[in-house]
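User: I would like to go through the helix packing in this model. Please set each label against its definition.

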Amino acid sequence: MRKPGAQQEVSLSQGVRVMFYMMKPSEASFQTLEEVPDYVEKATPFFISLMVLELIISWIRQGKLRGRLDDALTSLSAGVLSQLPRLFSRSIELTSYIYIWENYRLFNMPWDSPWTWYLTFLGVDFGYYWFHRMAHEVNIMWAGHQTHHSSEDYNLSTALRQSVLQIYTSWIFYCPLALFIPPSVYAVHLQFNLLYQFWIHTEVINSLGPLELILNTPSHHRVHHGRNRYCIDKNYGGTLIIWDRIFGTFEAENEKVIYGLTHPINTFEPFKVQFHHLLYIWTTFWITPGFFNKFSVIFKGPGWGPGKPRLGLSEEIPEVTGKEVAFSSSASPLLKIYAVVQFALMLVFYEETFSNKAALPQVTLFLRICFIILTLTSIGFLMDQRPQATFVETFRCLIFLMLCEFGHLKLLIPSFSLAFEIFFSICVAFWGVRSMKQLASGP
Ligand SMILES: [Zn+2]
Ligand SMILES: [Zn+2]
């Protein structure tokens with residue numbers, strides 16, 4: 001039963017089908033924006049279930065678990081970081097769209113017509129193609145999008161390695177739709193388009209036969225994530241691959257794909273993963289002579305340099321040998337498991353914060369965000385084996401105890417609170433002793 005004006009519920013069946021864009025217009029058309037479910041927020045259990053399924057399938061097929069904890073944790077951290085601004089405000093992709101719709105719309109397509117629904121599906125996917133292409137061809141946009149490409153693995157966790165910055169440029173590409181498509185229809189497809197792209201980040205599906213002609217598939221998107229020369233600047237599609245076929249950016253998967261950036265960043269620190277390329281642009285901007293050259297550093301391709309074509313020279317892209325070794329953390333297996341446990345605990349608070357954000361005092365919201373950021377930073381430091389890691393982790397565990405003490409963090413099962421306090425007190429003691437030893441032994 002639909003409650004008019006209130007956010008609508010998502011059934012289990014819908015939750016699963018949304019992940020594959022298998023929804024009908026009749027079950028995903030809403031008159032107002034307020035009624036549109038937050039499909040992305042509700043997708044976390046499906047993300048986790050599909051990641052577990054992927055692990056099981058690869059284990060059955062190959063007799064061992066694929067993927068690496070350090071890389072997957074970094075991807076999930078980026079996913080969490082990229083969602084945090086949504087706790088405070090509507091995304092810029094929606095606010096800009098609503099502004100144009102309210103002030104400049106040319107005509108009003110009916111929100112409940114299947115024609116509007118399918119046209120919006122095409123329109124959002126077309127907008128995504130051009131956004132994605134520009135995100136690879138314009139250096140300042142690449143500064144955001146490169147985060148998604150920085151994993152040297154390719155599995156479902158890679159899909160969640162999202163950028164904090166990307167949204168500040170992507171909104172521009174959807175603005176034309178606001179001249180005639182109601183925001184409630186746009187808000188549905190914006191989410192479906194994003195969620196569809198989750199399942200294609202996998203190596204467990206080889207080919208989907210004739211569907212490969214129309215849809216963006218795991219095979220097409222593997223090429224997009226490759227750093228082999230033949231993969232660079234190819235397959236930008238979101239849901240459909242037809243745009244790449246039309247605009248000449250399509251490439252089929254042939255030789256073995258080596259994943260990641262052409263110049264790997266070799267770190268698991270979440271802030272470096274998000275912002276390192278901005279710093280690179282900043283330094284390149286100042287050392288490049290001439291006004292027009294400086295302008296080109298920002299707006300031409302990431303591979304551009306004075307005297308080179310707009311997108312740089314393909315022969316400058318390091319050739320892959322197939323023997324590349326992905327950057328790995330030197331942390332012990334036990335420390336990696338500790339990081340996973342701490343990440344999982346943080347994720348429980350993250351989920352709870354999102355579902356109760358309207359009821360939480362602003363100060364609690366702010367302190368929880370600080371705690372989440374501190375947790376992600378600390379895990380990154382531990383994975384990178386940074387000398388500061390022991391101090392940061394001691395401090396973080398202390399902060400956890402204080403936030404619980406003052407009621408800013410609440411445990412879902414109150415009877416576990418004593419166990420949590422004991423566990424975190426042991427963590428404080430453990431990391432505190434290690435910090436002291438480190439101080440005593442000097443630099
Ligand atoms: Zn991309
Ligand atoms: Zn991707």
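Analyst: First, the convention for axes: they are lines fitted to C-alpha atoms, for helices over the stretch in contact, and angles run from 0 to 180 degrees between N-to-C directions. This is a predicted model, where local features need pLDDT of at least 70, side-chain atom pairs count only at pLDDT 80 or more, and totals for chains, interfaces and linings use all residues. Residues are numbered from 1 along each chain as its sequence is written.

User: Why are α6 and α12 called roughly antiparallel?

Analyst: They pack at an angle of about 155°, with axes 7 Å apart. Angles under 35 degrees count as roughly parallel, over 145 as roughly antiparallel, 65 to 115 as roughly perpendicular and the rest as oblique. Therefore α6 and α12 are roughly antiparallel to each other.

User: Which residues of α6 and α12 make the contact?

Analyst: Contact means C-beta atoms, placed from the backbone, within 7 Å. From α6 come Asn 139, Ile 140, Trp 142, Ala 143, Gln 146 and Thr 147. From α12 come Val 273, Gln 274, His 277, Leu 278 and Ile 281. By class that is 6 nonpolar, 5 polar and no charged residues. Nonpolar covers Ala, Val, Leu, Ile, Met, Phe, Trp, Tyr, Cys and Pro; charged covers Asp, Glu, Lys and Arg; the others, Gly among them, are polar.

User: How many helices and strands does the protein have?

Analyst: It has 17 helices and 0 strands. Both are DSSP runs, numbered from the N terminus: H or I over at least four residues for helices, E over at least two for strands.

User: What makes the protein as compact as a globular protein of its length?

Analyst: The radius of gyration, taken over C-alpha atoms, is set against a globule rule of 2.2 Å times the number of residues to the power 0.38. The protein has 23 Å, close to the 22 Å that the rule gives for 443 residues, so it is as compact as a globular protein of that length.

Conventions. Chains are lettered from A and ligands numbered from 1 in the order in which they are written. Two residues are in contact if their C-beta atoms, placed from the backbone, lie within 7 Å.
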